[in-house]
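Work through the exercises below with the model open. Try each task before reading its solution.

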Amino acid sequence: MDLSAIRLPVVEDSKSVDALIVRRLRSDVVLINQIGHYIVNSGGKRLRPLSVLLAARTCGYSGAHHIDMAAVIEFIHTATLLHDDVVDSSELRRNQETANVVWGNEASVLVGDFLYSRAFEMMVDVGNMRIMEILAHATNRIAEGEVLQLLNTKDPDTNEARYMEVIVRKTATLFEAGTRLGAVLAESPDFVETAMADYGRHLGIAFQLIDDALDYDTGNAELGKNVGDDLDEGKPTLPVLRAMQVGTAEQRQLLREAIERGGRERIDDVIRAIASTDAIQYTTQLALDHARLAREALSALPSSDAADALAALADFAVSRTH
C-alpha cells in the first residue's frame, strides 16, 4: 500500500494540517517565513503527523485538536532537522540544499528555536496539561538522544545497545508521543494509550533502522542525500556496527578508521565491506521485527479503516526505498 492509500481515512484531516502549518509558520520576520517554508515544503513524507491523525481516529476521537497536535509534531520534527543539519554540517536533505547551506548556521538554529517555541504556543492553545506533559518529556528525550549521538560520533567502540538508545530517544520518541496523543485526545483507557504509544515507538525504530540501511544503498537515487553521509559524519550506525562484528580483521580495521576519520574517501571500500557481510539484512530484519511489534500493538484496538491504515503504515516504513 502506498502513502496516498494509507492517508485515505484522514485525507481531509491531512489537508487541514497542511493549511494550519502554513498559517502558524507566519511571522513578521521575513527570514523566518523563508526558512520555515523552505524546510516544511521540501518534500517530506509527513509520516509523524499522519500517525497522529490515524491514531486519533483509531481511538474514536471526533474533535479537531488532533489537527493541532499533528502540526505541533511536524514543527518539532522540523526544528530538530534544522538543528541536526547544523550539528552535522549537512549539505543535502531531500534532494535539495539544507537551510544551513542556503542561509547559514546561525539563521537555521534560530529558526529551529522559533519552530520549537511556536509548537509550545500551539500546545498551550489546546489547554490540556497531559498533552503538555507528553510533549515536554518528548522534546527533552529527543535532546538527550542528540547529545548521546554526539558522544557516539567518531567512536568505533560504540555498540549496538548504545546505537539503539540513540534511535529510540532521537527518532522513536516523537512517533511514540504523537500516537499516544491520539489516545489522550480520545480520552482512551490506559491500556489503549499504552498500546498506541507502543505502536508509535516500534514504528519509529523500524523507520530509522531502514533509513540507516538505505544510507549504504548505492543504487538509490531517491534517498535525497549522499551515500555514506552518516559515516562521513562519523556516525556508527547499525550496518557498520554489524559489519565490524562479523567481518574480517581487515574489514574491522577499515570500518574503525572510517568512523574515526570520516569514510568519504574510501566509501566504495566501506560499501563493499558492508555488502560482503549480512549487515544490511541484519538491520532490515530488526526493522521488520519492530514493524511486526507495531502491528501487534494495534490488536488492543477495534478494527477500523484508520487502524488498518496504521498497520499499513508500519509496513510502508520498512518497504520504502527512500
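**Exercise 1.** Is Ala-64 buried, partly exposed or exposed?

*Solution.* Start with the ground rules. This is a predicted model, in which local features need pLDDT of at least 70, side-chain atom pairs count only at pLDDT 80 or more, and totals for chains, interfaces and linings use all residues. Residues are numbered from 1 along each chain as its sequence is written, and side-chain values use heavy atoms, with hydrogens and water left out.
Next, the classes: buried is under 20% relative accessible area, exposed is over 50%, and partly exposed lies in between (1.4 Å probe, protein chains only).
Ala-64 has 49% relative accessibility, so it counts as partly exposed.
Now place the residue. Ala-64 sits in the loop between helix H4 (47–58) and H5. Helices are DSSP runs of H or I with at least four residues, numbered from the N terminus.
Finally, look across the chain. The C-alpha atoms of Ala-64 and Leu-185 are 9.5 Å apart, although 121 residues separate them along the chain.

**Exercise 2.** Classify Arg-180 as buried or exposed, and find its contacts.

*Solution.* Locate Arg-180 first: it belongs to helix H9 (residues 160–185).
Its relative accessible area is 18%, so Arg-180 is buried.
Then list contacts (heavy atoms within 4.5 Å). Leaving aside neighbours within four places in sequence, Arg-180 touches Arg-130, Ile-134, Glu-193, Met-196 and Ala-197.

**Exercise 3.** Describe how H12 and H13 pack, and which residues make the contact.

*Solution.* Take the geometry first. Helix H12 (residues 238–246) and helix H13 (residues 249–261) pack at about 150°, with axes 8 Å apart. Axes are lines fitted to C-alpha atoms over the stretch in contact, and angles run from 0 to 180 degrees between N-to-C directions.
Then the residues. H12 contributes Val-240, Ala-243, Met-244 and Gln-245, while H13 contributes Arg-252, Leu-255, Arg-256 and Ile-259.
Sort them by class: five are nonpolar, one is polar and two are charged. Ala, Val, Leu, Ile, Met, Phe, Trp, Tyr, Cys and Pro count as nonpolar, Asp, Glu, Lys and Arg as charged, and the others, Gly among them, as polar.

**Exercise 4.** Which loops hold Lys-154 and Glu-187, and what are their phi values?

*Solution.* Lys-154 lies in the loop between H8 and H9. Its phi is near 65°, positive in a residue other than glycine. Lys-154 has a relative accessible area of 41%, so it is partly exposed.
Glu-187 lies in the loop between H9 and helix H10 (190–214). Its phi is about 55°, also positive although Glu-187 is not a glycine. At 74% relative accessible area, Glu-187 is exposed.

Note on methods
Helix = DSSP H or I, 4+ residues; strand = E, 2+ residues; numbered from the N terminus.
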